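Hello,

Here is the structure I promised to send over. Please have a look at it first, and my notes follow below.

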Amino acid sequence: MAAGDEETRVLLRGLLRLHHFRVDGEAEGASQALALLKTHRPELLLADVNLAEGSPAALVADARSAHPPVRIILVAPASRPPPVMGVAGRGPDAVLLRPFRIRQFAEAVLPGGAPKEGTAAPLG
């Protein structure tokens with residue numbers, strides 16, 4: 001998980017845990033996030049577009065190169081959604097616009113969308 005603002009990291013960490021994801025690491029910027037990705041090889045990278053250093057586009061491209069199977073979700077303000085990034089299949093898997101509802105978060109981070117009643121979300 002990567003976000004330049006500590007409050008955003010706290011919020012995203014809580015939402016990931018609510019959906020039964022293990023948070024292996026947190027980063028303020030793109031280079032730190034990429035280092036964590038290479039070390040932990042997670043199934044999901046959740047990144048806010050407001051990073052302390054680096055750009056979200058570079059983070060997505062570098063993450064795709066370093067660990068191709070990772071699902072990448074970008075979180076951005078609805079007032080300034082990120083531009084379309086790169087070649088199809090090389091951009092983020094989803095862009096989640098703030099403010100969002102918890103169900104929208106679940107649909108973005110969970111493969112196949114929100115869990116059905118009585119099912120568990122994956123650890124990642």
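Going along the sequence, the pattern of the protein reads α-α-β-α-β-β-α, which comes to four helices and three strands. Please keep in mind that this is a predicted model. Of the 124 residues in the protein, 44% are buried.

How far can you trust it? The average pLDDT of the protein is 87, and 85% of the residues score at least 70. Strand 1 has the highest confidence, at 97, while strand 3 (residues 94–98) has the lowest, at a mean of 93. Please treat the stretch of residues 116–124 separately: pLDDT stays under 50 there, and the model has 18 contacts beyond four places in sequence for these residues.

Helix 1 runs over residues 6–18, 13 residues in total. From its first C-alpha to its last it reaches 18 Å, close to the 18 Å expected at 1.5 Å a residue. Its buried residues are Thr8, Arg9, Leu12, Leu15 and Leu16. They lie on the same side of helix 1 because they cover an arc of only 130 degrees around the axis. The face turned away from that buried side carries the exposed residues Glu6 and Glu7.

What covers the buried residues of helix 1? The cover includes strand 1 (44–48), strand 2 (71–77) and helix 4 (102–109).

Thr8 belongs to helix 1, and it counts as buried because its relative accessible area is 18%, which is under the 20% cut-off. Leaving aside residues up to four places away in sequence, Thr8 touches Ala3 and Asp48.

Just after helix 1, His20 takes a positive phi of about 65 degrees.

Best wishes

Technical notes:
Residues are numbered from 1 along each chain as its sequence is written. This is a predicted model: local features need pLDDT of at least 70, side-chain atom pairs count only at pLDDT 80 or more; totals for chains, interfaces and linings use all residues. Side-chain values use heavy atoms; hydrogens and water are left out. Helices (H or I, at least four residues) and strands (E, at least two) are DSSP runs, numbered from the N terminus. The expected span of a helix is 1.5 Å times one less than its number of residues. Buried means under 20% relative accessible area, exposed over 50%, partly exposed in between (1.4 Å probe, protein chains only). The arc is that of the directions from the helix axis to the C-beta atoms. Contact means heavy atoms within 4.5 Å. pLDDT is the predictor's confidence in each residue, from 0 to 100.
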